[in-house]
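Welcome, and please open the model in your viewer. We will walk from strands to pockets, one selection at a time.

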Amino acid sequence: MKKFVIANWKMNPNTVKVAKVLFDEVVKGLKDVKKAKVVICPPFVYLPALQDLKSNIRLGAQDCFWEDKGSFTGEISLPMLKSFGCKYVIIGHSERRQFLNETDRMINKKIKAALIKNLRPIFCLGESKKDKDRGKTQTVLKRQLENGLKKISKSDIKKIIFAYEPLWAIGSGKPCSLDEANVIRLFIKKVVTQKYFRSITNEIKILYGGSVNSSNVKNFIQEAGFQGVLVGGVSLKPKEFIKLVKNI
Ligand code: PGA
């Protein structure tokens, strides 16, 4: 089964010109790579320009709104994202939870809306350093999972891509240890299957994110058992990113 590499460009780069160059370089570098499904999630405004550059890289968004249209100033709907060729959408990234007060309830609405519109949600969850130091990691993750997955059917749960991203590992250059990450991966699987029955155990896709680079990517997949990775910083460095995908 192909592994996922999701590139989260966050609020970068500064111009559409640079975005096109970056995208183009990655497309060329990954032309013959078959073992990974690469999804690039640029800022919304670059989607039309990148969609025009036709490639085998899939496009995703970094967020969405749950309503289809109307008076929601500044928001971007799922039909809009679809019209620019997005097949995936990151939902509940910790930076949105932290800086924009995004709640579990909002995240649940976004996940449900994405599923209805046939976009695959990349559902991010993770604990802060403070939660971890207090021994609250599993309590926090369980809460995020149970609230985020409210009223989602068993058939839809298989379409969600879970991304475990401990906040303290994001952008820190210090990824989670493999043992720890594996324990959490199994915990997420347990919580999800307890809620949605054992029959889907092997269909749950869980990715790791937080300081992933070309040297450690293989370990997260082969040793810690993840079905892919979510990459921030390195996704903005084309050579390093291409190497990362090839090293899977
Ligand atoms: P990082 O970011 O790879 O720069 O740690 C990951 C993320 O926030 O998705």
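**Starting in the sheet**

Select strand β3 (residues 58–61) together with β4: the two pair in the parallel sense over 3 bridges. Strands here are DSSP E runs of at least two residues, helices are H or I runs of at least four, and both are numbered from the N terminus; pairing requires at least two DSSP bridges between two strands. Now trace the chain from β3 through helix α3 (residues 78–83) to β4, a β-α-β crossover that is right-handed (clockwise from the first strand over the helix to the second, with the strands pointing away from the viewer). Next, pick Leu59 and its bridge partner in β4, Cys86.

A word on the model: it is predicted, with pLDDT of at least 70 needed for local features and 80 or more for side-chain atom pairs, while totals for chains, interfaces and linings use all residues. Numbering runs from 1 along each chain as its sequence is written, and side-chain values use heavy atoms, without hydrogens and water.

Ile91 stands opposite Phe123 in β5.

Finally, select Lys10, Met11, Pro43, Gln62 and Arg96, the closest to the centre of the largest pocket among its 16 lining residues. A pocket is an open set of points on a 1 Å grid over the protein atoms alone where a 1.4 Å probe fits, with protein on both sides within 12 Å along at least five of seven lines; lining residues have an atom within 4 Å of a point.
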